[in-house]
Amino acid sequence: MSGILFYRNGEKWLRNILVYLSQAAWARQIISNWSIAWLVASRFVAGEDRQAAVDVGQALNENGMMLTLDYLGESCTSEAEASTARDEIMRILEDINRHQLKANVSIKPSQLGLKIDPALAQENIGAIVQKAKQYGNFIRIDMEDHPTTDATLAIYRHLRHNIGLDNVGVVIQSYLYRSEKDVEKLIEEGASMRLCKGAYAEPAEVAFPKKIDVDGNYLNLSRMTLSRNALANGVYPAFATHDPRMIDEIKIYTKTNNIPSDKFEFQMLYGIRRDLQESLVKEGYRVRIYVPYGTAWYPYFVRRLAERPANLWFFISNFFRA
Ligand SMILES: Cc1cc2nc3c(=O)[nH]c(=O)nc-3n(C[C@H](O)[C@H](O)[C@H](O)COP(=O)(O)OP(=O)(O)OC[C@H]3O[C@@H](n4cnc5c(N)ncnc54)[C@H](O)[C@@H]3O)c2cc1C
């Protein structure tokens, strides 16, 4: 028993270090220059340019999966960097349209200026959502760490309700205590919501420290987004998880309540649990794969290591083999 506790605490400790390393500039500089790091990261990242993303997208579409493309980069430090990211995202929307990919785009507010000035992020995200609207496409605003939650939801609500753009959706993290209240409100508003557990190291003041509570809340929130009232309001839930238990519970719940499989979708990250991705497609569920691309792959890659220490051992064993 004490061995298990030690292992669990050790895992949490390791996770916190990795989440710290994912944000540390010094670590980014050292690790992203190791060729072995890219070798392992390329399991989770389509490639460094748009063509690589399009190639992966076509292959996924051929296998019956939709995708959401993510141009990698977070926490820009200047207006110019934010504009560069916005322009690249506009170009990927053009590429999706040109290649007729079954794909939408996920964006990070901090990449578009949120931490410089929320008004700047709102302007950039607004321009992207308008452009997507011209192509009949959809933009998902990813959710980052908790100090950005209010500002991210405010930008979403401004675009959705003040500007009247209906091709934009948000993300809810089940590890946050506040999420149940946020979901209640978003259901009333008929929002398109992606539900995930949450990927950042958050303090116990704002987030459940225990996985069992994060999982329990995930199931609670997923049932809320699938309620009769939510679906009648136009809520379209996307269940972003690789956790077979969450997925099985959602399958049982939707079957028991006669909810057709086109009223929701499952989402998973590129390169993770491909077996599960394929089996869901075979069973007739909608599956969307989150496909990141771009040169700024370091923080994304280290967060994936933090989620599953086995990935870290894979990285270390390759490092010593190289
Ligand atoms: C499409 C998508 C979009 C997301 N968007 C956001 C977002 O906007 N904001 C945010 O904070 N988080 C986001 N996340 C990340 C999410 O919050 C979790 O950190 C991540 O999905 C791991 O949680 P899990 O639900 O898969 O369950 P866990 O309980 O962490 O894992 C369940 C099982 O999944 C497998 N698994 C999970 N992670 C990995 C991995 N890295 N490598 C290999 N196997 C793994 C393992 O088999 C594990 O046992 C997103 C995730 C997905 C799939």
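**The ligand and its surroundings**

Trainee: How far is a backbone N or O atom of Met143 from a nitrogen atom of the ligand?
Mentor: First, a caution: this is a predicted model, where local features need pLDDT of at least 70, side-chain atom pairs count only at pLDDT 80 or more, and totals for chains, interfaces and linings use all residues. Residues are numbered from 1 along each chain as its sequence is written, and side-chain values use heavy atoms, without hydrogens and water. A polar contact is a pair of N or O atoms within 3.5 Å. For Met143, a backbone N or O atom and a nitrogen atom of the ligand are separated by 2.8 Å.

Trainee: How much of the ligand does the protein bury?
Mentor: Accessible areas come from the Shrake-Rupley method with a 1.4 Å probe. Alone, the ligand exposes 920 Å². Of that, the protein buries 88%.

Trainee: Which element gives the largest share of the shell around the ligand?
Mentor: The ligand is surrounded by 24 residues, each with a heavy atom within 4 Å of it. Strands are DSSP runs of E, at least two residues long, and helices are runs of H or I, at least four. β4, β5, β7 and α13 each supply at least two shell residues. The largest share, three residues, comes from β7.

Trainee: How many aromatic pairs does the structure hold?
Mentor: Rings of Phe, Tyr and Trp (its six-membered ring) pair if their centres lie within 6.5 Å; planes under 30 degrees apart count as stacked, over 60 as edge-to-face, the rest as tilted. Tyr290 and Tyr300 are stacked, because their centres are 6.4 Å apart and their planes at 5°. The count of aromatic pairs is 10.

Trainee: Is Phe301 buried or exposed?
Mentor: Buried means under 20% relative accessible area, exposed over 50%, and partly exposed in between (1.4 Å probe, protein chains only). Trp297 counts as buried at 3%. Phe301 has 0%, so Phe301 is buried.

Methods. A polar contact is a pair of N or O atoms within 3.5 Å; within protein, one must be able to donate a hydrogen and the other to accept it, and residues adjacent in sequence count only if both atoms are side-chain atoms.
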